[in-house]
Structure formats: structure tokens, C-alpha cells
Amino acid sequence: MNDNLIIAGKSYNSRLLVGTGKYKDFRETKAAVEASGAEIITIAIRRSNIGQNPNEPSLLEVLPPSKYTLLPNTAGCYSAEDAVRTLRLARELLDGHTLVKLEVLGDPQSLYPNVVETLAAAKTLVAEGFQVMVYTSDDPIVAKELEDIGCVAIMPLASLIGSGMGILNPWNLQLILERMQVPVIVDAGVGTASDAAIAMELGCDGVLMNTAIAGAQQPVLMASAMKQAVEAGRSAYLAGRMQKKFYSASPSSPTAGIIGSTRS
Amino acid sequence: MKVITVIVNGATRQIPDSTSVAALVEEMALAGKRIALERNGEIVPRSRFAAQQLADGDKLEVVVAVGGG
């Protein structure tokens, strides 16, 4: 059965999207990305010669654009203007690549999205021909506005970036899922495999994560766990779960043909 | 030789007048590397590095791809 994730007209086998930050070295980054099976990977745009060794290979040599769909982000941007400038640089850096992850943050403590700036940046970027996958709060009204602007994927948080707190408000995600035509991808907050599975069981089209893998004791093993969780959650969603029957048990084995009692 | 002052990635830099963007990139040991460059808020395409001459007070951002989420 063909059950690919379609974003901006392009088809992907994997519904797990991963970040490339916080790994101890490029070797671990590469091993984790490979174990995750992800085809879309996020990267950040930073000033040259800030913490980079000029003799080391660049990230793009380790994870080449020919093999992965790179998703440059605007992490660290607190205004629409900075986010737009960052993605214009990304487009130049990646030879005209237009698929991007927009995130405009509200403050450095919570990293909660500033939706006012996010909406403004999304309008500019869409007008300039970018295909915008947008990180946002789990507010269904804002999500709809972002879709109406022309974003190609809506990416609500499950909980705060890097917190690993899991899905704090599945009801809001449900409201977003009911209203969106474009893919909904949970971005941020996943802590472990069950969180990813729950997101997929809710009907999300994908999950994007970084710290849950990079911050695990064994990142490569966790990357593999996340791959399986996303696949399992997706299958469970498609299979359609049984109805919950509160206070009403139902035996799994036949009730007829049970051997007779010895008590009179 | 006349010297001009430009700001590259937030740091002040003295360079000879009529230095091209390409020459600055070379001096930064970034020639041939995958970078993108913004001059006073506007992207300078790689194809125009050689043709563009820097001016006193220019603000440049030179960026690369790094790991991120």
C-alpha cells in the first residue's frame, strides 16, 4: 500500500523528520540520521568560523543535499525580519532550494513561538516563492491562518522545544488535524518513542524531532526506536483502533465450551 | 594604500579599498566553500562575488550550514 507523506507535491517514504543539532560529532549525526530512516533533515544557518574548524568537513559533505531533503530552519530568530533574511541566505546557500522550516521564537527561556511574527514572516516568504513548513503553537486558529497564507505544512509543538515533555495537549492537536488540508507534523517536545507513536495515532502526518534522539544515552538506538514508533503509530492510525469500552470488559476467548465446574 | 572598514559577522575588519567580495571571501579561507553572503541586508549571489567591490561601512554576514533542529 502506498502511504507516502506528500509535502509541497513531493513524496516521502518516511514520516519521521529529524534535526542534526546537539550530536557529539558528525559521525554520530550521520549514524543517527541513517538509523532514523528520515529523508527530510533540518539544518541551521550560522555565521562562518563560529565554532567551526576550517579543516573539518562541512555538515553538507556528511549529509549531502543529493541524498537528503535539507530543511534549513530559522532557529534563534526572534523577529520576522531575521527569519526572512536567514532563509534568503539559506536559499542562496542551497542553490535556490525553497523548502524551509520557519520558526520565530518568542523568548529564549521558553522558545515558545511568537505567532504574530511567524504569520508576518510566512506571508513574506510565501510571496517570495518559498515553500514554508511552519513551527507554531498548538492553537488551531493560528494553524488555519498559516495554512490560508499558503504554508505547505503546519508544525505545532507537542511541548516546549527540547523539553521531552511529550504531547501535553492532544485535544488541541486533534482540533488542528480536523481543520487542516496540508500535512500536520508535530514539531518539538517529543521525548521518547511512545510520544511519537501517540502523535501518529492521533492522525498527525509526521513527527519532527532532534533532542529526543540526540539527547538519548544512545542516540543511534533511539533513532531506530523513533523510526519504529512512527511506523507503528501510523499503522495503528490507519488500522483504526477499537472503541474503548469503559467499565465493560469483553473476553477475548470463547465463552462457550468451558469445562464444567467441580463445585456441585 | 587607502583602507576601509567593514563589519564581517559582527567583527570590524580593515581591508584595502576596492577589495572585491571574492577577495574578502578568499582572505577568510572560504573560497570554494559552500557559503552564502549578505551585504547590508541584501543577498550577494556567488556569481557576483568577483564583480562587487566593498565600500567603507559595509555590513556583511557570511553563513554556512550547521547542525540544528
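Predicted model: local features only at pLDDT ≥ 70, side-chain atom pairs only at ≥ 80, totals over all residues.
R39(B) is buried, with a relative accessible area of 17%, where buried stands for under 20% relative accessible area, exposed for over 50% and partly exposed for what lies in between, using a 1.4 Å probe and protein chains only. Residues are numbered from 1 along each chain as its sequence is written, chains are lettered from A and ligands numbered from 1 in the order in which they are written, and side-chain values use heavy atoms, with hydrogens and water left out.

Back to R39(B), then, which has its place in strand β3 of chain B, residues 36–39; helices (H or I, at least four residues) and strands (E, at least two) are DSSP runs, numbered from the N terminus. Which side chain does the side chain of R39(B) make a polar contact with? It is that of Q52(B), at 2.6 Å, and a polar contact here is a pair of N or O atoms within 3.5 Å, where within protein one must be able to donate a hydrogen and the other to accept it, and residues adjacent in sequence count only if both atoms are side-chain atoms. If we leave aside neighbours within four places in sequence, the residues in contact with R39(B), meaning heavy atoms within 4.5 Å, include V44(B), L54(B), D58(B) and L60(B).

Chain B as a whole has one helix and five strands, and from the N terminus on these elements run β-β-α-β-β-β. Its radius of gyration is 12 Å, close to the 11 Å that the globule rule gives for 69 residues, so chain B is as compact as a globular protein of that length; the radius is taken over C-alpha atoms, and the rule is 2.2 Å times the number of residues to the power 0.38. Buried residues make up 45% of the 69 residues in chain B.

Strands β1 (residues 3–8) and β2 (residues 11–16) of chain B pair in the antiparallel sense over six bridges, pairing being called when DSSP finds at least two bridges between two strands. In this pairing V6(B) stands opposite R13(B). The loop between β1 and β2 of chain B holds N9(B), which has a positive phi of about 50° although it is not a glycine. Most residues other than glycine have a negative phi. N40(B), in the loop between β3 and β4 of chain B, also has a positive phi of about 50° without being a glycine. Are these two asparagines buried or exposed, or in between? N9(B) counts as buried at 10% relative accessibility, whereas N40(B) is partly exposed at 45%.

Let me turn to chain A, where an open sheet of three strands has the order β6-β7-β8, with parallel pairing. Strands β6 (99–102) and β8 (153–156) of chain A stand at the edges with a single partner strand each, so one side of each is left without a neighbour in the sheet. Four bridges join β7 (residues 131–136) of chain A to β8(A), and V134(A) stands opposite I154(A) there.

Finally, helix α1 of chain A, residues 26–36, has as its buried residues E28(A), T29(A), A32(A), V33(A) and S36(A). Just after α1(A), G37(A) takes a positive phi of about 70°.
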